[in-house]
Amino acid sequence: MVEVVNEALASAGIEDTVSAAGEFNPRGHSGAGFAGGLIAGDIGDAIGAAGGAIGTAGGYLAGTHAHDAASGLPERMVVGVSETTIYGFAGNRAHPKALVFRVAREGLEAKVHQRVNVRVLELIDTESGSRIELEGIRLPITHSKDVIQELT
């Protein structure tokens, strides 16, 4: 994933090298999916077991899409960390697309909150207080832990 992000940086004309990269979603992504699935699953159960299953899956997707659209961030992101900068690209580990954010590490505080199925990463500008809030799924294939370890 580090190699793919470095290629994306080069394609964007950015001369920098990341040492860690991982996949993230906007903070609240999985919780919104859970809530949407729970609500739609209950509604679907009125039709029968198949309706409940379809409602749960559809509700999960609807919940995540609605939340992500409201967050202002793409549903899936690849975040790379260099010595001086943190980069966020829309897309997944195989296909990072447009650069979504680029923030200097200097003057930035990284806070991590452990949740049951995700790790929440807050990137906070210490001067202005503005923040980027992300969540990384705990599956090792996402490498979100690598990014968090690099920043904390």
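Apart from its neighbours within four places in sequence, phenylalanine 101 is in contact (heavy atoms within 4.5 Å) with Met77, Val79, Ile86, Tyr87, Gly88, Leu123, Ile132 and Leu134. The model is predicted: local features need pLDDT of at least 70, side-chain atom pairs count only at pLDDT 80 or more, and totals for chains, interfaces and linings use all residues. Residues are numbered from 1 along each chain as its sequence is written, and side-chain values use heavy atoms, with hydrogens and water left out.

Phe101 belongs to the largest nonpolar core, which has 14 residues; Phe101, Leu121, Leu123 and Leu134 touch the most other members. A nonpolar core here is a set of buried Ala, Val, Leu, Ile, Met, Phe, Trp, Tyr and Cys residues joined through side-chain atoms within 4.5 Å. Buried means under 20% relative accessible area, exposed over 50%, and partly exposed in between (1.4 Å probe, protein chains only). S2, S6, S7 and H4 are the elements that give two or more residues to this core. These labels follow DSSP runs numbered from the N terminus, with helices (H or I) of at least four residues and strands (E) of at least two. A second, separate core has 9 residues, among them Leu9, Val18, Ala21 and Tyr87.

The strands form an open sheet of 7, in the order S4-S3-S2-S1-S7-S6-S5, with antiparallel pairing. Two strands count as paired if DSSP finds at least two bridges between them. Strand S4 (95–104) and strand S5 (108–114) are at the edges; each has a single partner strand, so one side of each lacks a neighbour in the sheet. From one strand to the next, the twist averages 35°.

Strand S2 covers residues 77–81 and is joined by 5 bridges to strand S3, residues 85–92, in an antiparallel arrangement. The two form a hairpin with 3 residues between them. Along this pair, methionine 77 has alanine 90 as its bridge partner, valine 79 has glycine 88, and valine 81 stands opposite isoleucine 86. On its other pairing, S2 is joined to S1 by 5 bridges, again antiparallel, and alanine 20 stands opposite valine 81.

S2 is mostly covered, with 5 of its 5 residues buried. Met77, Val79 and Val81 point one way from the strand, while Val78 and Gly80 point the other way. In a regular strand the side chains alternate between the two faces of the sheet. In S3, 7 of the 8 residues are buried, so this strand is largely enclosed by the rest of the structure. S3 is also joined to S4, by 7 antiparallel bridges, and a hairpin of 2 residues connects them. Glycine 91 stands opposite proline 96 in S4.

Two helices lie against the sheet. Helix H1 (residues 2–11) lies across strand S1 (20–26), S2, S3 and S4, and runs at about 100° to S3. Helix H4 (residues 144–151) touches S1, S2, S3, S5, strand S6 (118–125) and strand S7 (131–137), and its direction makes about 110° with that of S1. Axes are lines fitted to C-alpha atoms, for helices over the stretch in contact, and angles run from 0 to 180 degrees between N-to-C directions.

Methionine 1 lies in the segment before H1 and is partly exposed, with a relative accessible area of 22%. Methionine 1 and glycine 22 are 21 residues apart in sequence and 7.1 Å apart in space, C-alpha to C-alpha. Beyond four places in sequence, the contacts of methionine 1 include Gly22, Val78, Arg93 and His143.
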